[in-house]
Amino acid sequence: MNETMKTQSKKQVYSRPQTLWQSGKDKIQRPCIWMQAGVGSKKGCNHYHDCTTCKYDAAMTKLAAAGKHISWQDAMRKKDSRDRTCRHTLTQRADHRICPMNYNCSRCDFDQLFEDSLSPNTGHAMVKMTDIKGFKLPNGYYFHSGHTWACIDSGGIIRIGMDDFAFKVLGNPDNFDLPLTGQELNQNKPGWGIKRNRNLADILSPVNGVITKVNPSVKTTPNLSGKLPYQDGWLFTVHNSDIKRAVKHLMADEDSVEWLNREITTLEDMIEDVAGPLAADGGVLTHDIYGNLPGLGWGNLTRTFLKTGSRFK
């Protein structure tokens with residue numbers, strides 16, 4: 001595949017689209033590809049479009065092989081050529097695109113590029129944020145009390161990173177000690193490290209799983225995570241065969257908002273102990289709190305918020 005085609009293909013990919021399938025008054029988020037093709041009944045996908053491990057997809061494929069109904073691919077082939085939409089568009093992982101290969105995906109260069117490269121490398125460019133006293137909290141993400149996050153992408157990929165609070169408190173990192181592809185992570189156990197000057201700290205993993213991709217941009221530009229923690233600053237992706245169980249014990253939605261408010265209150269109390277009373281209106285805490293108030297102590301901050309403490313190089 002030449003570079004021009006790769007560039008054009010990358011432009012067709014976008015993250016976490018919020019479009020809904022609509023029939024009359026009914027709206028379904030993440031519509032099943034069988035329903036999109038008109039074969040299955042009205043059904044939303046509850047498997048994050050990871051069709052390869054989906055029991056419903058396996059059952060429907062088995063029935064199609066037995067002649068009970070046609071496959072979703074054959075149903076799409078019966079459509080006018082202008083309506084033969086790419087499967088990655090049907091599963092809402094790519095912008096509108098017509099299938100050029102008559103649904104022979106194994107022979108499609110775009111399909112191979114998407115699965116092997118574009119999908120895991122694409123950060124979340126369109127994320128709706130809630131602002132809590134200057135700290136950003138994205139909608140639809142899951143949070144661990146050690147200030148890490150997990151986000152489930154279409155296709156069953158779990159993307160992992162550290163939150164805005166951690167970087168604003170500790171400052172932009174000089175480097176990360178990231179796990180290797182294929183390494184197994186255990187929830188609530190140290191999974192990687194962060195470094196600033198001579199200060200090091202372990203980070204607790206928010207989920208169990210096996211590393212499938214490490215963000216190459218963060219390796220070369222560590223402060224990207226501090227600037228865009230929920231977008232291009234993600235750290236790595238993880239595979240877990242039971243996605244719902246993987247994120248079951250994490251915080252989301254109102255729980256994460258309440259938790260972050262409590263963390264901010266704790267931080268404000270710590271600052272007042274070192275620097276005196278804050279402004280009456282609360283104000284917005286500045287970036288790099290540790291750098292501006294080293295008296296807070298790296299070890300104290302990492303024990304309180306990362307739940308791990310510090311190491312020294």
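Me: How many bridges link strand 6 and strand 7, and in which sense do they pair?
Reply: This is a predicted model. Strand 6 covers residues 148-153. Its pairing with strand 7 is antiparallel, and the number of bridges is six.

Me: What is the mean pLDDT of the protein chain?
Reply: In this chain, 79% of the residues reach 70 or more. Confidence is lowest in strand 1 (residues 20-23), at a mean of 40, and highest in strand 5, at 97. The mean for the protein chain is 82.

Me: How many helices and strands are in the protein chain?
Reply: The chain has 313 residues, and 47% of them count as buried. Of the contacts with a separation of 6 or more, 60% are between residues 24 or more positions apart. The count is 13 helices and 14 strands.

Me: In what order do the six strands of the open sheet run?
Reply: Strand 5 pairs with strand 6 over three bridges. Strand 7 joins strand 13 (residues 236-239) by three bridges, also running antiparallel. The order is 5-6-7-13-12-9.

Me: Which strands stand at the edges of that sheet?
Reply: The pairing in the six-strand sheet is antiparallel, and the sheet is open. Each edge strand has a single partner strand, so one side of each is left without a neighbour in the sheet. The edges are strand 5 and strand 9 (184-185).

Me: Which residue of strand 7 stands opposite Trp-149?
Reply: Trp-149 lies in strand 6, where Phe-143 stands opposite it. For Trp-149, the residue in strand 7 is Gly-161.

Me: What is the bridge partner of Ile-160 in strand 13?
Reply: Strand 7 and strand 13 run antiparallel. Three bridges join them. The partner of Ile-160 is Phe-236.

Me: How many residues of strand 7 are buried?
Reply: Ile-157, Arg-159 and Gly-161 point one way, and Ile-158, Ile-160 and Met-162 the other way. Both sets are buried. Strand 7 is therefore largely enclosed by the rest of the structure, and the count is six of the six.

Me: Which residues of strand 6 point the other way from Thr-148, Ala-150 and Ile-152?
Reply: In a regular strand the side chains alternate between the two faces of the sheet. All six residues of strand 6 are buried, so it is largely enclosed by the rest of the structure. Pointing the other way are Trp-149, Cys-151 and Asp-153.

Me: In the hairpin of strand 5 and strand 6, which residue takes a positive phi?
Reply: Three residues lie between the strands. His-144 has Thr-148 as its bridge partner in strand 6. The residue with a positive phi, near 65°, is His-147.

Me: Is Tyr-103 buried or exposed?
Reply: Tyr-103 is found in the loop between helix 5 (87-90) and helix 6 (109-121). Phi there is near 65°, a positive value in a residue other than glycine. Most residues other than glycine have a negative phi. Because its relative accessibility is 4%, Tyr-103 counts as buried.

Me: How far from Cys-105 is the nearest cysteine sulfur?
Reply: The structure holds zero disulfides. Cys-105 is in none, and the nearest cysteine sulfur is that of Cys-99. A disulfide needs sulfur atoms within 2.5 Å. The distance here is 6.1 Å.

Me: What span does helix 11 reach from its first C-alpha to its last?
Reply: Helix 11 (residues 254-275) has 22 residues. At 1.5 Å a residue, 32 Å is expected, and the helix comes close to that. The span is 31 Å.

Note on methods
Residues are numbered from 1 along each chain as its sequence is written. This is a predicted model: local features need pLDDT of at least 70, side-chain atom pairs count only at pLDDT 80 or more; totals for chains, interfaces and linings use all residues. Side-chain values use heavy atoms; hydrogens and water are left out. Helices (H or I, at least four residues) and strands (E, at least two) are DSSP runs, numbered from the N terminus. The expected span of a helix is 1.5 Å times one less than its number of residues. Buried means under 20% relative accessible area, exposed over 50%, partly exposed in between (1.4 Å probe, protein chains only). pLDDT is the predictor's confidence in each residue, from 0 to 100. Contact means heavy atoms within 4.5 Å. Two strands pair if DSSP finds at least two bridges between them.
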